[in-house]
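Student: I would like to take a close look at a single part of this model, with the terms spelled out as we go.

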Amino acid sequence: MSDMMQTQAGDAGAFRNFDLSRVPAPCFVVDEVAVERNLAILRDVSDRSGAHVLSALKAFSMFALAPLVRQYLGGTCASGIYEARLGREEYGGEVATFCAGYKDADIDEILSLSDHIIFNSPAQKDRFLDKARAAGVQVGLRINPEHSEGEIPKYDPCAPCSRLGTPVSLLTPEVLAGVDGLHMHTLCEQGFEPLQRTWEAVAPKLAPYLADLKWLNFGGGHHITRDDYDREALITFLRGIRESHGVDVYLEPGEAVALDAGILVGEILDLPVNGMSLAITDISATCHMPDVIEAPYRPALMGEAETGTTYRLGGPSCLAGDVIGDYTWERPLEIGQRFAFLDQAHYSMVKTNTFNGVPLPTIALWNSDTDALRIVRQFGYQDFKERLS
Ligand SMILES: Cc1ncc(COP(=O)(O)O)c(C=O)c1O
């Protein structure tokens, strides 16, 4: 899940063959073969379009796979000081950092870690421009194209009064002084056509400035690795922009890197009844899949039946709203039974927390070709305690 509703139907793919009892619950299991399949697609787009493709760490920062990501992509896109450091330390390549607001206390370190620093407003750009220049870091400005393609205002960076990006109608030569490139991020889990429409809306307003720019960054939200994404049109589009405007072009997909590449395995803890069949599980919506509540969305259950017994699944926390959704199993559930939610590699692992002292899921890496399984990280009481004081 990025900033919006996630596709609800899912295809278990190779996970259909994964024995859920091989890992402790709860556990994220990521299939490195599926990640590599996504990376190969993104690399092909990069090779044939000439665009730089950076992996957005906010969506998927399982750095155990950094050596693999590095083989295919040109670097990372960071949301601030910690992701910039993770990108520099683990992934290598270019680091493009965008943050809605930089602090004096962090700026030197961020500049030492970044190749591009992208500011949200002209005021932030003016405040840190000299430092960026002195550090040899290229300077970007995030623009707000004032053209909405998102359906839900909460997740639409171009909604009225959005704080994200400098409205394109406010661009002037002064606003752009010292700027090497422009950045825009307005899409979420979308195909090629919304990108094209956004560019058509914004291009006339950028026309006076394009000749002075070194690069254009089209952000993330491109579901490039989805089967129905029109990749040929994207490649033609990106090549066209590079050639007609003489700029480098960047994309920062996050979700597309890890799409359909991971599951979250859980266990049934109790089966109470209150007006309907309920199931308490060791997966918590609020702690392990917060987008279920925030977005909100209904994660796809592996092997969900069309008819059978329907249970309302919820987490072990005290939050009344820690409910994942209503799901149907062919046969009645049993205590200790395993189950898994699909497509959980992105925007779940990066968002976990230990509210209520709920344990963090283990992280495991599986290879669906060889069936090799490695527990990458297990968390315990110390991880909970160290975030408190
Ligand atoms: C600035 C920026 N770049 C890249 C991304 C990655 O988007 P996605 O994971 O949807 O591809 C996001 C997501 O919110 C973003 O805000």
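Student: How much space lies in the largest pocket?

Tutor: About 1000 Å³ of space lies in the largest pocket, where a pocket is an open set of points on a 1 Å grid over the protein atoms alone, each fitting a 1.4 Å probe and having protein on both sides within 12 Å along at least five of seven lines, and the volume is the space filled by probe spheres set on the points, which are joined across faces, edges and corners. The model is predicted, with local features needing pLDDT of at least 70 and side-chain atom pairs pLDDT 80 or more, whereas totals for chains, interfaces and linings use all residues. Residues are numbered from 1 along each chain, and side-chain values use heavy atoms, without hydrogens or water.

The lining (residues with an atom within 4 Å of a point) comprises 34 residues, and Ser61, Phe63, Leu86, Met349 and Val350 lie nearest the centre of the pocket. By class, the lining has 16 nonpolar, seven polar and 11 charged residues.

Both domain 1 (10–29 + 261–385) and domain 2 (50–258) supply at least three residues to the lining. Between these domains about 1000 Å² is buried, with carbon and sulfur atoms giving 65% of that area. Val350, one of the residues nearest the pocket centre, is also, with His346 and Tyr347, among the residues of domain 1 that lose the most area to domain 2, the three together making up 43% of what that side buries. Zero salt bridges are counted between domain 1 and domain 2, a salt bridge being a side-chain nitrogen of Lys or Arg within 4 Å of a carboxyl oxygen of Asp or Glu.

Technical notes. Ala, Val, Leu, Ile, Met, Phe, Trp, Tyr, Cys and Pro count as nonpolar, Asp, Glu, Lys and Arg as charged, and the others, Gly among them, as polar. Domain bounds come from an automatic or database domain assignment. Buried area is the accessible area (1.4 Å probe) that two parts lose on being put together, summed over both.
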